[in-house]
Amino acid sequence: MLCFACNAALGQLQDDPKLFRNTIDYLERTTWQRTLVSTGGYQLISPRPAAAASATSSELQRLISCRRG
């Protein structure tokens with residue numbers, strides 16, 4: 001049984017193994033910058049590439065922007 005968030009992620013990726021691989025590639029190649037906003041509270045700032053983006057992570061970014069409209 002999956003939690004709501006995991007089930008929603010599967011739905012967003014349409015159970016497509018290629019989209020899962022692209023998502024993993026993107027996450028492995030992206031670094032999030034934490035900014036302290038209050039004592040013990042952090043905000044994640046827009047991702048910055050940790051390394052040169054691969055073709056698959058670029059493809060994922062294109063797919064995400066297409067889905068947003």
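Figure 1. Beyond residues up to four places away in sequence, Gly41 touches Thr35 and Leu36 (contact means heavy atoms within 4.5 Å). This is a predicted model, in which local features need pLDDT of at least 70, side-chain atom pairs count only at pLDDT 80 or more, and totals for chains, interfaces and linings use all residues. Residues are numbered from 1 along each chain as its sequence is written, and side-chain values use heavy atoms, with hydrogens and water left out. Gly41 belongs to strand 2 (residues 41-49); helices (H or I, at least four residues) and strands (E, at least two) are DSSP runs, numbered from the N terminus. With a relative accessible area of 18%, Gly41 is buried; buried means under 20% relative accessible area, exposed over 50%, and partly exposed in between (1.4 Å probe, protein chains only). Tyr42 is also found in strand 2, but is partly exposed, at a relative accessible area of 45%. Not counting residues up to four places away in sequence, Tyr42 touches Arg34, Thr35, Leu36 and Val37.

**Figure 2. Overview of the chain.** The protein has three helices and two strands, and the order of its elements from the N terminus is α-α-β-β-α. Of its 69 residues, 16% count as buried. The accessible surface comes to about 5,600 Å², and 57% of this belongs to carbon and sulfur atoms. Accessible areas come from the Shrake-Rupley method with a 1.4 Å probe; for residues, only the protein chains shown count as cover. Among contacts between residues at least 6 apart in sequence, 30% join residues at least 24 apart.

Figure 3. A disulfide is a covalent bond between the sulfur atoms of two cysteines. Here a disulfide is counted as a pair of cysteine sulfur atoms within 2.5 Å, and by this rule the count comes to zero. The cysteine sulfur closest to that of Cys3 is in Cys6, at 3.5 Å, which is too far for a bond. Cys6 is likewise in no disulfide, its nearest cysteine sulfur being that of Cys3. Cys3 counts as partly exposed at 43% relative accessibility, and Cys6 counts as partly exposed at 41%.

Figure 4. Most residues other than glycine have a negative phi. Gln14, although not a glycine, has a positive phi of about 55 degrees. Gln14 is found in the loop between helix 1 (4-12) and helix 2 (17-28) and counts as exposed, at 51% relative accessibility. Asp15 is not a glycine either, and has a positive phi of about 55 degrees. Asp15 is found in the loop between helix 1 and helix 2, and its relative accessibility of 59% makes it exposed.

**Figure 5. Helix 2, its N-terminal cap and its two sides.** Asp16 caps the N-terminal end of helix 2, with a side-chain oxygen 2.9 Å from the backbone nitrogen of Lys18. A polar contact is a pair of N or O atoms within 3.5 Å; within protein, one must be able to donate a hydrogen and the other to accept it, and residues adjacent in sequence count only if both atoms are side-chain atoms. At 1.5 Å a residue, the 12 residues of helix 2 should span 16 Å, and the end C-alpha atoms are 16 Å apart, which agrees; the expected span is 1.5 Å times one less than the number of residues. The buried residues of helix 2 are Leu19, Asn22, Thr23, Asp25 and Tyr26. They cover an arc of only 165 degrees around the axis, which puts them on the same side of helix 2; the arc is that of the directions from the helix axis to the C-beta atoms. Arg21, Leu27 and Glu28 are exposed on the other side of helix 2.

Figure 6. Phe20 lies in helix 2 and is partly exposed, with a relative accessible area of 28%. Leaving aside neighbours within four places in sequence, Phe20 is in contact with Leu10, Leu13 and Asp15. The C-alpha atoms of Phe20 and Ala9 are separated by 9.7 Å, the two residues being 11 residues apart along the chain. Asn22, also found in helix 2, is buried, with a relative accessible area of 3%. From C-alpha to C-alpha, Asn22 and Glu59 are 7.5 Å apart in space, while in sequence they are 37 residues apart.
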